[in-house]
Every structure is written in structure tokens, then in C-alpha cells.
Amino acid sequence: MSQDQTPSDPERSVENQSPLTGKIPRQAALTVVLLSLFAVQPVAAQSNAVCSADNLPSMIEGFFQLTTALGIVGLAIVWQADSLIEMFTLNPEQKKGLKRHKRSAMKSAVVLVVLGPLYTVAGSMMGLPLAQCVDLVPW
């Protein structure tokens, strides 16, 4: 019996590897570093574009207040509709589903109401530029 002279898997991977495979990740890393040094520098030197715009901060605040108000109104509509449907539902599984739906609507509204003030407080503490000029508290 003769032994097969084919190379094993690790030997094949070394043979098939080209000398360019090690250079490509190094070149990509070098390109990213050079771009971050030279291309990002002018952007970092700019003043806050949102705060320097005339009406943009007030437009962002108004949009956030509008979406928060619509979310709260939507919660009230969903809550009342689910309560009305629940009164006429006899199946306990459907009642559980409606209660689950009401709970998820309440969670969504709480997240919507808490998100703006949380960003305003946390953003000002972390020094985020948008939090300096835009007040996202909906009331």
C-alpha cells in the first residue's frame, strides 16, 4: 500500500495564501487612520451647525413636542378602544391579548415621554452639542 502524498489542510492553506492577503488589512487600517486625521479635522473644527442655524433648534423642539403629543393621544385612543372591545369580548384569551396590547401601548408612551428629557439631561451632562441648544422636554 502506498501512502497518499497530498498535503494536509494546514499545508494547503499556507500554499494557497497569497502575499497580498496580509497587506490588504494593513492598507485599509492605514487608510482609515489617515482619513480620520485629515478629513475629520475640518469637521471637528466647525461650530455646531444645528445651533448656529436660525430656526432649526425651534423646529426640532416643535417636531419632538408634536410627536410626543400625538403619541399620548394615540395611547388614549388605543386604551379606550381596547377597553371598549374588552367589554364585549367573552373569550378569556382575547381579553388577555387586549390587556397585553394595552400594556405595550403604555410602555411605548412612557418611552416616548421619557426619551426627550433623558436625552436633554444626559446630553448636557456628556457635553453633546445638540443638547446645548435644543430642549427636548415636551412640556
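Of the 139 residues in the chain, 14% are buried. Buried here means under 20% relative accessible area, exposed means over 50%, and partly exposed lies in between, with a 1.4 Å probe and protein chains only. The model is predicted: local features need pLDDT of at least 70, side-chain atom pairs count only at pLDDT 80 or more, and totals for chains, interfaces and linings use all residues. Residues are numbered from 1 along each chain as its sequence is written, and side-chain values use heavy atoms, with hydrogens and water left out.

Start with the overall layout. The chain has seven helices and zero strands. Read from the N terminus, its elements run α-α-α-α-α-α-α. Both kinds of element are DSSP runs, numbered from the N terminus: helices are H or I with at least four residues, strands are E with at least two. Contacts tell how the chain folds back on itself. A contact means heavy atoms within 4.5 Å. Take the contacts between residues at least 6 apart in sequence: 50% of them join residues at least 24 apart.

Now turn to one helix pair. Two packed helices are described by the angle between their axes and the distance between the axes. Helix H5 covers residues 56–87, and helix H6 covers residues 92–126. They pack at an angle of about 165°, with axes 10 Å apart. The axes are lines fitted to C-alpha atoms, for helices over the stretch in contact, and angles run from 0 to 180 degrees between N-to-C directions. H5 and H6 are therefore roughly antiparallel to each other. That label applies over 145 degrees; under 35 counts as roughly parallel, 65 to 115 as roughly perpendicular, and the rest as oblique. The crossing of H5 and H6 is left-handed, meaning that the near helix is turned anticlockwise from the far one by less than a right angle; clockwise would be right-handed.

Which residues meet there? On the H5 side they include Phe64, Ile72, Leu75, Val78 and Trp79. On the H6 side they include His101, Ala105, Met106, Leu112 and Gly116. The residues of this contact divide into 13 nonpolar, six polar and five charged. Nonpolar covers Ala, Val, Leu, Ile, Met, Phe, Trp, Tyr, Cys and Pro; charged covers Asp, Glu, Lys and Arg; the others, Gly among them, are polar.

Val78 sits in helix H5. It counts as partly exposed, at 27% relative accessibility. Leaving out residues up to four places away in sequence, Val78 touches His101 and Ala105. Val78 and Ala105 are 27 residues apart in sequence, yet their C-alpha atoms are 7.3 Å apart in space.

Two other H5 residues follow. Gln65 lies in H5 and is partly exposed, with a relative accessible area of 36%. From Gln65 to Gly116 is 51 residues in sequence and 9.1 Å in space, C-alpha to C-alpha. Phe63, also in H5, is exposed at 55% relative accessible area. The C-alpha atoms of Phe63 and Leu136 are separated by 9.4 Å, with the two residues 73 apart along the chain.

Thr120 is found in helix H6 and is buried, with a relative accessible area of 13%. Beyond its neighbours within four places in sequence, Thr120 is in contact with Ala131, Asp135, Leu136 and Val137.

Finally, consider the record. An unreviewed UniProt entry annotates residues 64–88 and 109–131 as "transmembrane region". In the model, residues 64–88 are 96% helix and 0% strand, with end C-alpha atoms 36 Å apart. Residues 109–131 are 91% helix and 0% strand, with end C-alpha atoms 22 Å apart.

Methods
UniProt positions are given in the numbering used here, feature names are shortened, and annotations may be inferred rather than shown by experiment.
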